[in-house]
Amino acid sequence: MSLNILYRGPAARGQHWQKLFAQNLPEVNWHTWPDVKDKSAIDVLVCWIPPRNYQQDYPNLKVIFSVGAGVDQLGLASVPEHVSVVRMLDPALEQQMTEYVLMSVLNIHRDTLAYAQSNLQQQWQPLKSRSAAKRRVGIMGLGNLGQAAAQALVSVGFTVSAWSKSVKTVKGIQCFAGSRGLQPFLQQADILVCLLPLTDDTRGILNLSNMAMLPSGASIINVGRGEHLVEADLLILLKEQHLRYAILDVFDKEPLTNDHPFWQHPQILVTPHIAAITQNDTAGQVLVENVKRYINQQAMLGLVDKQQQY
Ligand code: GLV
């Protein structure tokens, strides 16, 4: 029996992937939402956001592939029990995220935001610098993206630590875990990078009391989800000079509204959720590989534990 895939997303990506499947898995039938004649024939959904009421409308659905690294947007609690969820594990996403984290850590480490302000005032104002080895970067989240970023930071010479929900060991990195590990981890992180998945446990984790545990003059980089950060708490800690800079790629509400205080803030750099963007060519190959694995009943790459929510 042939497999029926329903794709929902940007048209150009859909056309690219449809061709890729025709070349690599011609037995698969590719459908593009909303053009589906027999919804009960659909086995696999490929999307960022699923169609409304998909749980009822596609009764024979077996797998949902997220087109991105995250799966929180699917609303995991409402995914039927028998439906598997798979996130996009693409080395090209790791590469982009690593670039973004390196760029942000280096900009904070070398005070680029302060110099951008001096530029505006035409002020020649050298600031005191520190060696990378004396700058402690703490990464929250040790999934594939967190590990790739951590290793790149180590190779530049930073002192790197990481915090994850369960105990992990990574060479060259001091690892902290669980709720007991959070305080000692935060207390030693001069630059905090949030690369956590968004779950019930991690929503709002960058709040006043946690961020207050960071050393005075620490900075934060958020490339997880906007809902990890309590935005008002960040503004308080920047104002109090407890935090020095924030580089943010994700926000509570995207796009950021025109009147949002982050835009004009001299200690904040905003980027429009571009840290790691799904690339049609490489992500398409990962998807084909995973669908092959599904057909052959092999373990799929990036299979999500719905209980853990990542
Ligand atoms: C983007 O935020 C993603 O999850 O891929």
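Colleague: How is the packing of two helices described?

Modeller: Two packed helices are described by the angle between their axes and by the distance between those axes. In this predicted model, helix 1 (residues 11–24) and helix 9 pack with their axes 10 Å apart, at an angle of about 45°.

Colleague: Are helix 1 and helix 9 parallel, perpendicular or oblique to each other?

Modeller: Angles under 35 degrees count as roughly parallel and those from 65 to 115 as roughly perpendicular. Helix 1 and helix 9 are therefore oblique to each other. Their crossing is right-handed.

Colleague: Which residues of helix 1 and helix 9 meet?

Modeller: On the side of helix 1 they include Arg13, Trp17, Leu20 and Phe21, and on the side of helix 9 they include Ala283, Leu287, Val288 and Val291. By class, this contact of helix 1 with helix 9 has eight nonpolar, five polar and three charged residues.

Colleague: Where is threonine 278 found, and is threonine 278 buried or exposed?

Modeller: Threonine 278 is in the loop between strand 12 (268–270) and helix 9 (280–295). Burial is judged from relative accessible area, with buried meaning under 20%. Threonine 278 has a relative accessibility of 13%, so it counts as buried.

Colleague: What does threonine 278 contact?

Modeller: Apart from its neighbours within four places in sequence, threonine 278 is in contact with Arg13, Trp17, Val67, Gly68, Leu93 and Ala283. Arg13 and Trp17 in helix 1, and Ala283 in helix 9, are also among the residues of the helix pair.

Colleague: Why does glutamine 188 count as buried?

Modeller: Glutamine 188 counts as buried because its relative accessibility is 14%. It lies in the loop between helix 6 (178–186) and strand 9 (191–194). A polar atom of its side chain is 2.7 Å from the backbone oxygen of phenylalanine 185. Not counting residues up to four places away in sequence, glutamine 188 touches Arg136, Ser161, Gln174, Phe176 and Pro215.

Colleague: How is lysine 62 to be read?

Modeller: At 31% relative accessibility, lysine 62 counts as partly exposed. The loop that holds lysine 62 runs between helix 2 (54–57) and strand 4 (63–66). A polar atom of the lysine 62 side chain lies 2.8 Å from the backbone oxygen of asparagine 60. Leaving aside neighbours within four places in sequence, the contacts of lysine 62 are Asp43, His82, Val83, Ser84 and Tyr294.

Notes
Residues are numbered from 1 along each chain as its sequence is written. This is a predicted model: local features need pLDDT of at least 70, side-chain atom pairs count only at pLDDT 80 or more; totals for chains, interfaces and linings use all residues. Side-chain values use heavy atoms; hydrogens and water are left out. Helices (H or I, at least four residues) and strands (E, at least two) are DSSP runs, numbered from the N terminus. Buried means under 20% relative accessible area, exposed over 50%, partly exposed in between (1.4 Å probe, protein chains only). Contact means heavy atoms within 4.5 Å. Axes are lines fitted to C-alpha atoms, for helices over the stretch in contact, and angles run from 0 to 180 degrees between N-to-C directions. Angles under 35 degrees count as roughly parallel, over 145 as roughly antiparallel, 65 to 115 as roughly perpendicular and the rest as oblique. A crossing is left-handed if the near helix is turned anticlockwise from the far one by less than a right angle, and right-handed if clockwise. Ala, Val, Leu, Ile, Met, Phe, Trp, Tyr, Cys and Pro count as nonpolar, Asp, Glu, Lys and Arg as charged, and the others, Gly among them, as polar. A polar contact is a pair of N or O atoms within 3.5 Å; within protein, one must be able to donate a hydrogen and the other to accept it, and residues adjacent in sequence count only if both atoms are side-chain atoms.
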